[in-house]
Amino acid sequence: MTPRSRPWCRAAGRPTHQRTIDIRDEIEIISHSDLVEELFAPYRQTIGPDFPAYRGHVYRTITFAMHFLDGAEVHRKMVETAFVYHDIGLWTDHDLAYLEPSETLALKDNAEKGFGLDPETLRAAIHWHHKVTPYRGPQADVINAVRKGDWVDASQGKVRHGLSKIQVKAVQDAIDDHGFPNVLQRLAKDLGGSALRGNLRVLTRVFKL
Ligand SMILES: [Fe+2]
């Protein structure tokens, strides 16, 4: 099935047969990918009870990022792979400074399992995903789509990067969060010693200007 042949999620609360749908509120929901499921398989047990929450976050961020890329298939494998690994160090390395462990694991699997992705783009997509300001450099289109996609979902739509509230809500409604915001808060507390110290460690080690 081509991505464009999947059903398009239209404005919340409007029947799909209605003709007055605003095209600006359309967004293609990506809630399943064979590649994502395959990449996750070796790590499901390690992620443990947090898996449904992280998996939902990954699909919502993929949805937002692919929308920012106008659905460009050429970027899909990079976007899906980067998002599977982007926060994975929280569980594999139990460290709130998780960007580097996540990058390392992604690059190791890319090399050993033959994903065939450009390692520098994969590394940069993960490394800069919390960057506040736009990334400038090679492959900026895909790296910024990943960065913006994560911001929209991690902020629960407080940051929208040009998406409408209707689009964000459509994605949130379609892909359950399984308490993902609470998972992040719990990890900040558990891995940082306290919620405050954990959040400070995230702020100083994970966010980049
Ligand atoms: Fe994330």
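This is a predicted model: local features need pLDDT of at least 70, side-chain atom pairs count only at pLDDT 80 or more; totals for chains, interfaces and linings use all residues.

Against which helices do the buried residues of helix 7 pack? They pack against helix 4, helix 6 and helix 8. The buried residues in question, within helix 7, are Leu-122, Arg-123, Ala-124, Ala-125 and Ile-126.

Let me now turn to the chain as a whole. The protein chain holds 11 helices and 0 strands. Read from the N terminus, its elements therefore run as α-α-α-α-α-α-α-α-α-α-α. Of the 209 residues in the protein chain, 36% are buried. If we take the contacts between residues at least 6 apart in sequence, 59% of them join residues at least 24 apart.

The largest nonpolar core comprises 46 residues. Those with the most contacts inside this core are Ile-62, Ala-65, Val-79, Ala-82, Ala-125, Val-142 and Val-146. At least two core residues come from each of the following: helix 3 (51-68), helix 4 (76-86), helix 5 (89-92), helix 6 (99-112), helix 7 (119-127), helix 8 (140-154), helix 9 (165-174) and helix 10 (180-192). Helix 3 contributes the most, giving 8 residues to this core. Ala-125, which I listed among the buried residues of helix 7, is also one of the core residues with the most contacts.

Apart from its neighbours within four places in sequence, Val-79 is in contact with Ile-62, Ala-65, Met-66, Val-142, Ala-145 and Val-146.

This brings me to the pair formed by helix 3 and helix 4. These two helices pack at an angle of about 145°, and their axes lie 9 Å apart. Their crossing is right-handed. On the side of helix 3, the contact is made by Val-58, Thr-61, Ile-62, Ala-65 and Met-66. Helix 4 brings Arg-76, Val-79, Glu-80, Phe-83 and Val-84 to the contact.

Let me continue with helix 5, where Trp-91 is placed. Is Trp-91 buried or exposed? Trp-91 is buried, because 20 other C-beta atoms lie within 10 Å, and 20 or more is the requirement. Not counting residues up to four places away in sequence, Trp-91 touches Thr-46, Ile-47 and Asp-50. Trp-91 and Pro-101 are 10 residues apart along the chain, and their C-alpha atoms are separated by 10.0 Å.

Two loop residues have a backbone feature to note. His-94, in the loop between helix 5 and helix 6, has a positive phi of about 50° although it is not a glycine. His-94 counts as exposed because it has 12 C-beta neighbours inside 10 Å. The other is Gln-139, in the loop between helix 7 and helix 8. Gln-139 is not a glycine either, and its phi is positive, at about 60°. With 16 C-beta neighbours inside 10 Å, Gln-139 counts as partly exposed.

Why does His-32 count as exposed? The reason is that His-32 has 10 C-beta neighbours inside 10 Å, and a residue with 12 or fewer is exposed. His-32 and Gly-56 are 24 residues apart in sequence, and their C-alpha atoms are 9.9 Å apart in space.

Thank you for your attention.

Terms used. Residues are numbered from 1 along each chain as its sequence is written. A nonpolar core is a set of buried Ala, Val, Leu, Ile, Met, Phe, Trp, Tyr and Cys residues joined through C-beta atoms within 7 Å. Helices (H or I, at least four residues) and strands (E, at least two) are DSSP runs, numbered from the N terminus. Two residues are in contact if their C-beta atoms, placed from the backbone, lie within 7 Å. Axes are lines fitted to C-alpha atoms, for helices over the stretch in contact, and angles run from 0 to 180 degrees between N-to-C directions. A crossing is left-handed if the near helix is turned anticlockwise from the far one by less than a right angle, and right-handed if clockwise.
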